Amino acid sequence: MSYPNENISIENDAEHALKHMLGILQFDQQNLQAFLDNALNEMLELTQSDFGYIYHYNEAAKQFVLNSWSNEVMEACAVIDPQTCYELDKTGIWGEAVRQRKPIIINDFQKSHPLKKGYPEGHVELKRFMTIPVFDQGKIVAVVGMANRKAPYTDADVIQLNLIMDAIWKVVKLNESLQRENHLKKVLLGIRNVNQMITKVADPAELIRESCKNVTDTFGYYSAWIMLMDKRQKLTDFASAGIDEGCGEIEMMLSKGHHTLCVKRALEE
């Protein structure tokens, strides 16, 4: 049997969640970092939490990489030199979402708990805590955490965050796919330009200069350099383009027969 007030409450909660979902998905998706930062802020408002974070997770490396942290955490946290990358086996309670592959809720952080392993001196004081793993094709790809809401966290909060993060991760994957596609287009365009230059430019020195310029103009690299070598692997010509920082030193080193690590690898392969 349901009561009118309960129905109104459920409808209000659904409307509230939908509003924040729209606030996330209607945000500019071109800048992925800004998109995820905004998503975190929307989730903080939705769950009425004081603090929150989004970490990318690499299952193969068992490693967390910080993507977004709420501003309030940075203001309240006095940990010296906070990390942005963590190994799974060196994490405390917030790593349990990965170890157990399920959401974790602790509504009284001051009480002793078997999963608590403490946290660094100066860390934000936690009162309530909720963290969920984000799955993609059976693999955990991210972890989201919320903390210090005045009211206890519930399973309904977990469901809401799961639904939102599922939508967010689809945007992340689409963005990464588009970036790969754009990069491939640039590579193919660069190869075509070089092929055209080879048929038109007879002078090797001019050819490598134009090739370097093509790499920086087409691929978007800050700088590029190419060296020509004789059969004895001695430098015969050198060209660079883009930001020239360090290229002069590299040319001088190569002219003395001292090869950089990347040159050694190229020669070995």
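Mentor: One term first: a polar contact here is a pair of N or O atoms within 3.5 Å, where, within protein, one must be able to donate a hydrogen and the other to accept it. Keep in mind also that this is a predicted model.

Trainee: Fine. So what caps the N-terminal end of H2?
Mentor: Asn31 does, with a side-chain oxygen placed 3.2 Å from the backbone nitrogen of Gln33. The helix itself covers residues 32–47, which makes 16 residues, and its span from first to last C-alpha is 22 Å, close to the 22 Å expected at 1.5 Å a residue.

Trainee: And what happens just after H2?
Mentor: Gln48 takes a positive phi there, of about 55°.

Trainee: What about Met43, buried or exposed?
Mentor: Met43 is buried, since its relative accessibility is 0%. Met43 also lies in H2, and its C-alpha is separated by 7.3 Å from that of His20, which is 23 residues away along the chain.

Trainee: Which residues touch the most other members of the largest nonpolar core?
Mentor: Met43 is one of them, together with Val144, Met146 and Ile168, in a core of 29 residues. At least two residues of this core come from each of helix H1 (4–25), H2, strand E5 (129–136), strand E6 (139–147) and H5, and H5 gives the most, with 9 residues. As a general point, nonpolar side chains in soluble globular proteins tend to be buried together.

Trainee: Where do Leu184, Leu188 and Ile191 come in, then?
Mentor: Those three form a nonpolar patch on the surface, and together they have about 290 Å² of accessible area. Leu184 is part of helix H5, which runs over residues 155–200, and H5 is also the element that gives the most residues to the core.

Trainee: Changing topic: how many salt bridges are there?
Mentor: A search of the whole structure finds 8. One of them joins the side chains of Arg149 and Asp157, at 2.6 Å from N to O.

Trainee: Are those two partners buried or exposed?
Mentor: Arg149 is buried, because its relative accessible area is 10%, and Asp157 counts as buried too, because its relative accessibility is 6%.

Trainee: And how far apart in helix H6 are Lys213 and Asp217?
Mentor: They are 4 residues apart in H6 (residues 204–219), so about one helical turn separates them, and their side chains meet in a salt bridge at 2.8 Å, N to O. Lys213 is partly exposed because its relative accessibility is 43%, whereas Asp217, with a relative accessible area of 53%, is exposed.

Trainee: What does the side chain of Ser211 reach?
Mentor: Ser211, which is also found in helix H6, has a side chain that reaches the backbone oxygen of Leu207 at 2.8 Å. Ser211 is classed as buried because its relative accessible area is 10%.

Trainee: Back to salt bridges, what separation do Arg232 and Asp230 have, N to O?
Mentor: Their side chains meet at 3.7 Å, which still counts because the limit for a salt bridge is 4 Å. Arg232 is exposed, with a relative accessible area of 62%, while Asp230 is partly exposed at 27%.

Trainee: One last thing: where do Lys62 and Arg101 lie?
Mentor: Lys62 is in the loop between strand E1 (51–58) and strand E2 (63–69), and Arg101 is in the loop between helix H4 (96–99) and strand E4 (104–106). Lys62 has a positive phi of about 50°, and Arg101 has one of about 55°, although it is not a glycine. For background, most residues other than glycine have a negative phi. Arg101 is partly exposed, given its relative accessible area of 38%.

How values were computed. Residues numbered from 1 in each chain as written. Predicted model: local features only at pLDDT ≥ 70, side-chain atom pairs only at ≥ 80, totals over all residues. Heavy atoms only, no water. Patch = residues over 30% accessible without salt bridge, like charges linked within 9 Å, V, L, I, M, F, W, Y side chains within 5 Å. Areas by Shrake-Rupley, 256 points an atom, 1.4 Å probe, with all protein chains shown as cover. Expected span 1.5 Å × (residues − 1). Core = buried A, V, L, I, M, F, W, Y, C linked by side-chain atoms within 4.5 Å. Buried < 20%, exposed > 50% of the residue type's maximum accessible area, 1.4 Å probe, protein only.
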